[in-house]
Amino acid sequence: GALIILAIISAYLFGSISSAVLICRLFGLPDPRTSGSNNPGATNVYRLGGKIPAALTLWFDVLKGMIPVWGSYFLGIEPFYLGIIAVAACLGHIFPLYFHFRGGKAVATALGAMFPVAWEMALLLIATWLVVFRISRVSSLAALVTVSLAPFYAFWIKPQYTVPVIMISVLIMWRHQSNIVRLRSGQEQRTRRND
Ligand code: G3P
């Protein structure tokens, strides 16, 4: 009981660290919340500053999902709650406590949360994202196709995670509302450096 609640709170607090904002500050880049797509995530950091700060943002956002779920797994917390802990890390990224609750879209954090419990699924998600990105060059489209398929992958590979994966997919789709509007009207730009 108490251990699970502590793990959920820790995951939320961990997820609340906005890597994109901190890395942009470190590299002297514009604030990703008010530049480019106004989203604090690796895609937007790439637009603002290129590969190195984007790769660092991606890595730290992946760790925010990976570390709490891995830790909880080693503490012997059962699969259903590991899924809830993954959701909590994503909620931290989306509604960060230390950043006025203005967070990102949780694509990288969700991926990181999958690795400790379902690495086969994590690899399949990466492969899906890469294929769609290769074809379209649009990061948001790659994320949307990937999260649409994620519940089916979960049902197939790790059925006990299907419900939390659906929750995360819905959250990520909801955070992509503005991208969906732009995709539908043909306004979504290819993801490229702006600087
Ligand atoms: O991971 C976020 C990505 O799917 C979209 O980012 O900056 O193009 O809205 P952005």
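User: In which pocket does the ligand sit?

Analyst: This is a predicted model, and the answer is therefore a computed one, in which a molecule sits in a pocket if more than half of its atoms lie within 2 Å of the pocket's grid points. By that rule, the place of the ligand is the largest pocket.

User: Which helices each supply at least two residues of the shell around the ligand?

Analyst: The residues that surround the ligand include Thr 43, Asn 44 and Arg 47, and among them are also Ser 139, Ser 140 and Ala 143. Two helices, covering residues 42-49 and 139-157, each provide at least two residues of this shell, and they are α3 and α8.

User: How much of the ligand's accessible area does the protein cover?

Analyst: Several polar side-chain atoms come up to oxygen atoms of the ligand, one of them belonging to Ser 37 at 2.5 Å, while an N or O atom in the side chain of Lys 105 lies 2.6 Å from a ligand oxygen. For Asn 179, a polar side-chain atom is found 3.0 Å from an oxygen atom of the ligand. Of the 310 Å² of accessible area that the ligand has on its own, the protein covers 93%.

User: Is Glu 188 buried or exposed?

Analyst: A residue is called buried when its relative accessible area is under 20%. The value for Glu 188 is 16%, so this residue is buried.

User: Is His 100 buried or exposed?

Analyst: His 100 belongs to the loop between α5 and α6, and, although it is not a glycine, its phi is positive, at about 55°. A relative accessible area over 50% is what makes a residue exposed. His 100 has a value of 68%, and it is therefore exposed.

User: How far apart in space are Asp 31 and Leu 63?

Analyst: Asp 31 lies in the loop between α2 and α3, and with a relative accessible area of 28% it is partly exposed. Its side chain makes a polar contact of 2.7 Å with the side chain of Arg 33. Asp 31 and Leu 63 are 32 residues apart in sequence, and from C-alpha to C-alpha their separation in space is 21 Å.

User: Which residues does Ser 169 touch, not counting residues up to four places away in sequence?

Analyst: Ser 169 is part of helix α9, which covers residues 162-175, and because its relative accessibility is 5% it counts as buried. Once residues up to four places away in sequence are set aside, Ser 169 touches Val 147, Ala 150 and Pro 151.

How values were computed:
Residues numbered from 1 in each chain as written. Predicted model: local features only at pLDDT ≥ 70, side-chain atom pairs only at ≥ 80, totals over all residues. Heavy atoms only, no water. Buried < 20%, exposed > 50% of the residue type's maximum accessible area, 1.4 Å probe, protein only. Near = heavy atom within 4 Å. Polar contact = N/O pair within 3.5 Å; in protein donor to acceptor, adjacent residues only side chain to side chain. Areas by Shrake-Rupley, 256 points an atom, 1.4 Å probe, with all protein chains shown as cover. 1 Å grid on protein atoms, 1.4 Å probe; cavity = no way out; pocket = protein on both sides within 12 Å on 5 of 7 lines; lining within 4 Å. Helix = DSSP H or I, 4+ residues; strand = E, 2+ residues; numbered from the N terminus. Contact = heavy atoms within 4.5 Å.
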